[in-house]
Amino acid sequence: MKVPGVPLLVGWETEVATLQGLLAGCVAGHGSVAVIGGPVGCGKTALLHHVLEQAVDAGALTLTAIASRAESGLPAGVVGQLFRNEGIPPEFRRSANELLDRRLSGAIDATADSEAIRNSDAQIAHGLFTMLLEMSKSRPVVVAVDDLQHADTPSLRVLSYLQRRMASSRLFLVLTELSMGRLAHPDFHAELFRQPNCTKIRLGLLSRCATTSVIEARLGPIAAAELGGSFHAASGGSPLLLSAMMDDYQATTATHGTVRHDTEYASREALHLALTSCLHQSEACAHEVARALAVLGEAPSSAVLAHLIDADQEAAEHGLAWLTAAGLLGEGRFRHPAARTIILGAMAAAERRNLHLRAAAALHNDSCSSTAVAEHLIAAGHAPEEWMLGALRDAAEQEAAADRLDIAAQCLDLALAHCDDAEQRARLTAERAHIEWCVSPSGTMRYAGQLRSALRAGHLDGRGAVMLLRHLLWNGRNGEAREVLAEWWASAPRVDHVVAQELTILNWWYPTLIGSASFVVVPRAEPGAAHSVQLHGRWAADTLSGDPADPAGNEAVTHAEGVLDSNRLSLSTLELLHTALLTLLHMDRPDKAAMWSERLLKEAQDRSVPTWQALFASLRAEAAVRQGDFPTAISHGEDAMAQLCDKDWGVGIGDPLASLVLAASMMGRYRRATEYVRRPVPDAVYETRSGLRFLHARGHFHLTTGRHRAALADFEICGHLMAAWSLDLPGFIPWRSGAAEAHLLLGERKAAREVIEEQLGLPGGELPRIRGASLWLLAAATDPPDERLALLDEAARLLTLETSRFDLARCLVDLGCALEAVGDFEEARAVHARAQDTVPVWASHVVRVPSGPTAARLGTPAPLTGATALSEAEKRVAELAAAGHTNRAIARQLFITVSTVEQHLTKVYRKLSVRQRTDLGTHLRMDAMNSLCSS
């Protein structure tokens, strides 16, 4: 059968010329034999048809036969096709039929070898040869047999008889066969090739240049330039596959106008049929190797491949060589992306599953990686043997370390489906829940029941118990967490140092958890416990509780940076790195925390782990808040919220929301701040560290919107909880600063002074940013100008651009005003200039720097500015508007018309130099603070 669409002469010029010469010799009376060999799909049949077409044009009689594997056991099947040809003259055909029908079936021994021929066989062969000679007298006769490797033995004996006697005849015998080193009929070939009139023609794969020429001849030069390289790479130069690819290209282009050169080919008819035909014609071992490679994905060692096809290594290597020669393989892989898909699709599901199991066993026996073994176990969906569970668990650990969490989860799911050992099942479940937390923290609850049962049965170790507690607490299931803890304590556990330290950190995050419960700590850490994890627990506990031996936190900061510098982000180091960042924040190093959180956030983004991205984006937002960089805080806070849904954030949602509320409030973006404050949070949030931050941020929201009593209440509740939980550290949350500001705005200067002085005396109160902000507030509550000036001067020296730009800007403005108050106008001008350079662009409407000399310096009455310029009526309207009330609501409350409200607001905007309603709260608050400072 002719291969459609392949220009026959491209790449075959020499072979065609040879065959034409032999055909010409036949016409001249010089009989010959041509054997066209080569791998499957190389064009043997196409070249044979070309010879036959040339023979017909030369007036020759052509007798053809196609041998097939299905008929290889049919005696004289090939000879029967040749001599029952309709082209034979009737009288010769009757004679041939009579000879074959009456004598051949009984005379021919199909089991004898192809070389030996008995007298009866010779009579049959001689009769057929005589007929050929008679027919060749009138015109040349070309006898063609395609796929000789499948020919039956009796027919081979006849052909052998003919080829030995045709040298001086007008006969031309053309044979094609698959030749890949192993001869299908060695005796026949030995006899054939010893004849001087036998010519061997070997076809191979097309070169890239020839491939491009074939494409150009069929599709044109533009397509050839575009497709030549990719089509040659995918087909390997196989004319059969190349023709199919061009067929599919034309069909797809005609239908869609474009074509994709990838696995889309798996659904295309021409290529599918060509690949199927190619494999159907393959030797049995080559077909088995192709199926094995489709399962494996690439060529393994000969031992693995032999085990998979249930043959020896020689057969495996021969199969590889066969497929490579046919152009299907390149460097042990299928060249075309669709080949593997097509072969796998042709297998029954049970057959694929069995091959995957055999592949897993072969790779395991060959000491291949656990991940390679697990890949096939997952594909099989079955792991019936004990060793397979170990391989799956090892693979899960390796895949998790490589951030392929989905594959790690599949490994553990399959292991759990086949695990009967209770302790091993508990460990697998804990590991599975830990991986789930990285993707969807709320999803860990599907494993909580199993882990609780394992804990009751004594099958869950200490680290598994802590992990269960962490998942329950994160998801706001505090009651269940306490029950689990009580059940665990009831068994009087002896926990190692690592577990004890993990509990310490856990209790810091969730201070209501352990309470008065106690546990026994073994004297030494378990052998092999990670040294860094032990140190993490020790210094984290010291830092978070305030280490009196290191009040400035220098040792803790050094240690934290060492941890951050020496540990790669992973499942096992996540908490370690997270705590190190918190240490930098609580030790008043927000600049360092910002740098490290940026790095870790980038690493989490590169590795596409949602929970990690959310956590480090939240920490980056917290660092920005502490630095006074509120736009950055909002950007990262919103990114953090976008990574996880509210359900997945659990009680941790308090952290990003706290940063967002505080940043938006301080920037005067009250509408956004209101949206953040009103966002629903679990009740359990208020039993966590995150809840403390949220309370503190909400207090500042109330402060900026004029609800001073509500603000004070939030700050004092925050402080009460921190004291009850032994977390009352200014470096963690400086709630007293907010309370002092609320007291000042309420006119309670003595109370403000008391809370600030208390804050300065606490561990962490001497940290530069905390002390600087405290002194700034203390100055506002101090009457003597000299004392106020001294406090502001020290505060300005403690606050820096890197750690507290916003606080520094406010402090410099007040310092400039204090200098003017004592008559030092030149220094005041310099301070105001510095303040002008310090105030962030986005905060210029919040922190207003005085411009020019004050009226007091000129000896004239100071003009009313800011809130002091407002009448009582205007001030009442402004405060209500800043609190979010509409004009109509303000009118109802003050018993005035809406028009009057609008008139008051117009004057308020002009006097306060604001353009929008949302800026009112900040200006009123800042004017109130400034008036306190100057009073």
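This is a predicted model: local features need pLDDT of at least 70, side-chain atom pairs count only at pLDDT 80 or more; totals for chains, interfaces and linings use all residues.
A salt bridge is taken here as a side-chain nitrogen of Lys or Arg within 4 Å of a carboxyl oxygen of Asp or Glu.

The structure holds 42 salt bridges. One of them joins the side chains of Glu 687 and Arg 482, at 2.6 Å from N to O. Glu 687 sits in the loop between helix H33 (670-677) and helix H34 (689-704), and Arg 482 in helix H23 (residues 478-490), so this contact ties together parts 205 residues apart in sequence. Glu 687 is partly exposed, with 26% relative accessibility; Arg 482 is also partly exposed, at 33%. A network of salt bridges links Arg 452, Arg 456, Arg 477, Glu 480, Glu 483 and Glu 487.

Helix H19 was examined separately. Its 14 residues (405-418) should span 20 Å at 1.5 Å a residue, and the end C-alpha atoms are 20 Å apart, which agrees. The buried residues of H19 are Leu 405, Ala 408, Ala 409, Cys 411, Leu 412, Leu 414, Ala 415 and Leu 416. Among the elements covering these buried residues are helix H17 (370-380), helix H18 (386-401) and helix H20 (422-439).

Definitions and conventions
Residues are numbered from 1 along each chain as its sequence is written. Side-chain values use heavy atoms; hydrogens and water are left out. Helices (H or I, at least four residues) and strands (E, at least two) are DSSP runs, numbered from the N terminus. The expected span of a helix is 1.5 Å times one less than its number of residues. Buried means under 20% relative accessible area, exposed over 50%, partly exposed in between (1.4 Å probe, protein chains only). Contact means heavy atoms within 4.5 Å.
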